[in-house]
Amino acid sequence: MSFTVNLRDVTLKYGDADALADVDLTLEAGKIYGLLGRNGAGKTSLLSLIAAFRRPTGGDVLVGGEPVWENAPVVSRVALVREGGDFDDADTVKDVLASGELRPSFDPDYAAKLADKFELPLKKKVRELSRGKRSVLAAVTGLAARAELTMFDEVHLGMDAPTRDAFYKELLAEYMDRPHTVVLSTHLIDEVANYLEEVVIVDRGRVLVHQPVETLQGRGATLTGAADRVDELTEGLELLAEQRLGGTKSATVAALDADLRARAAAAGVEIGPVGLQDLFIHLTNPDRNGA
Ligand SMILES: Nc1ncnc2c1ncn2[C@@H]1O[C@H](COP(=O)(O)OP(=O)(O)OP(=O)(O)O)[C@@H](O)[C@H]1O
């Protein structure tokens, strides 16, 4: 079974309010996706539909070509881990790891290895864990689930920087070792950019962008060079960011066409990449989208 995800004309309402509307989205098997969106954009709602935690109000959610809702064989091969995990506070870390075995693909040896690597206190109750360790426990259950589709919903937000770095590296190593589909929902955009193959941006309940990272980043550019040259080149253009140091200036433009590229080269101005976060802020700016 291929674990392609298809959402067709999907709507999710909470009461009368649309959390998601007209969502058409395909996630191909075997890629790492970044799911980005501002607060309340609909990321958790989207992941909840794919994991069959929720039923769509309208439309179809297919995983591996089959409707996922009330489809136990498919659901057992999908893991969604949310920030802080969905644990019973009275359980110990050891209990939580043992309960992972309810899932056929769960790897207890890998879970034990990760618990050791990330220094999880096995005897402590979940309620006694710090926020960061609770996040680590959630991440460990997600990794050790060894599911064909694993979704991490802001699971790493509580972790400190070195732990997040170790988590990303572990995620990548596990992915290289055992190709599967990963969706990483996050607000720490630039931090994960290098690990992603494709980006899905959700904005006010709709899919605004779905592109390979390189294509998305290729939309804009950072021009660096003599300040007066950079000013000349970017006059009248929309700037995402600018920085000046002495006579040198960097300006990030939202769009780079062939003409600007040629004029920058002729003016001796260097063309560099644009940060994913700068683009995200630009693309989800309500002034731009007519909110
Ligand atoms: N259980 C619920 N009942 C009612 N409304 C909800 C519920 N869960 C989410 N919503 C609403 O649905 C919309 C989308 O929320 P969702 O949690 O999916 O966004 P998100 O992108 O994950 O946000 P964040 O980045 O803040 O976690 C928001 O307007 C939110 O208020």
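Which residues of the largest nonpolar core touch the most other members? In this predicted model, local features require pLDDT of at least 70 and side-chain atom pairs count only at pLDDT 80 or more, whereas totals for chains, interfaces and linings use all residues. Residues are numbered from 1 along each chain as its sequence is written.

Tyr33, Ile50, Ala139, Val140 and Met151 touch the most other members of this core, which comprises 75 residues. A nonpolar core is a set of buried Ala, Val, Leu, Ile, Met, Phe, Trp, Tyr and Cys residues joined through C-beta atoms within 7 Å; buried residues have 20 or more other C-beta atoms within 10 Å of their own, with C-beta atoms placed from the backbone. With seven residues, helix α5 (131–144) gives the most to the core (helices, H or I, of at least four residues and strands, E, of at least two are DSSP runs numbered from the N terminus). At least three core residues come from each of domain 1 (5–210) and domain 2 (220–273), the bounds being taken from an automatic or database domain assignment. Residues up to four places away in sequence aside, Met151 touches Leu47, Ile50, Ala51, Ala79, Leu80 and Val183 (contact: C-beta atoms, placed from the backbone, within 7 Å).

An open antiparallel sheet of four strands has the order β12-β13-β11-β14, pairing being assigned where DSSP finds at least two bridges between two strands. Strands β12 (239–245) and β14 (270–272) form the edges, each pairing on one side only. Neighbouring strands are turned by 20° against each other on average, direction ignored (axes are lines fitted to C-alpha atoms, for helices over the stretch in contact, and angles run from 0 to 180 degrees between N-to-C directions). Six bridges connect β11 (221–226) with the antiparallel β13 (248–253), and Ala226 lies opposite Thr248 of β13. Helix α9 (227–234) packs on the sheet through β11, β12 and β13, its direction making about 140° with that of β11.

Conventions: Contact = placed C-beta atoms within 7 Å. Buried ≥ 20, exposed ≤ 12 C-beta atoms within 10 Å, placed from the backbone.
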